[in-house]
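Here's a quick briefing on one protein model. Have a look at the fold first, then we'll go through it by topic.

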Amino acid sequence: MLRIKQHFGVTLVELMISLTLGLVVLLGVLQIFSSGQQAYNENRRFAELQAEITLLQDLLNSDIRAAQSVTIVKTNDDFTLTLNYPAPSTPSVITYQFDAGLPSGTLARNGEVISEMVTVTNLECLTSSEAVVTCGVNAMQVRINFALVPAIGAPLQFTLAVALRNNVLLSKFS
């Protein structure tokens with residue numbers, strides 16, 4: 001009579017194959033996790049940049065639109081934008097300082113830092129036909145060319161042109 005041997009356990013070859021398959025599956029899971037982490041970080045960075053742009057745009061738009069006159073002073077790479085408002089307004093003056101002296105640039109509004117990611121490349125006053133003029137009561141618009149400098153990645157270039165609402169209305173209806 002023929003006896004059949006029963007094996008209990010695994011051979012070395014079976015063990016090596018199962019360990020290799022397990023390692024392949026684990027590497028796949030780690031790759032998926034790493035890709036998800038990179039996508040999350042990129043989305044978070046994009047959201048921070050978008051929030052920064054929105055803040056700058058909202059503040060500058062509302063302040064410049066309401067101004068009656070504008071003064072721009074450029075010293076080396078630093079710009080100071082002074083906005084003067086009609087008499088009953090509070091405050092009557094708002095000053096923006098674009099300090100390019102720091103590595104990534106700083107934007108301060110009345111001395112309070114509102115961004116550390118801004119580098120201003122040009123700041124000028126324009127007429128209604130977009131000709132560059134000396135700032136003052138005759139200015140109809142302010143154009144700001146700036147770049148947001150994120151911690152990772154290339155700077156993002158923007159141009160913001162804002163009309164001085166009071167001056168535009170006075171020129172149209174006077």
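Is Asp-63 buried or exposed in this model? Asp-63 comes out at 8% relative accessibility, so it counts as buried (buried is under 20% relative accessible area, exposed over 50%, partly exposed in between, with a 1.4 Å probe and protein chains only).

Bear in mind that this is a predicted model, where local features need pLDDT of at least 70, side-chain atom pairs count only at pLDDT 80 or more, and totals for chains, interfaces and linings use all residues. Residues are numbered from 1 along each chain as its sequence is written, and side-chain values use heavy atoms, leaving out hydrogens and water.

**The sheet**
- Strands 1 and 2 (residues 78-84) pair over seven bridges in the antiparallel sense; pairing takes at least two DSSP bridges.
- Thr-75 has Asp-78 of strand 2 as its bridge partner.

**Helix 1**
- Asp-63 lies in helix 1 (helices are DSSP H or I runs of at least four residues).
- Beyond its neighbours within four places in sequence, Asp-63 contacts Leu-83, Tyr-85, Ile-94, Tyr-96 and Arg-109 (contact means heavy atoms within 4.5 Å).
- Leu-12 is in helix 1 too, but at 62% relative accessibility Leu-12 counts as exposed.

Methods: Helix = DSSP H or I, 4+ residues; strand = E, 2+ residues; numbered from the N terminus.
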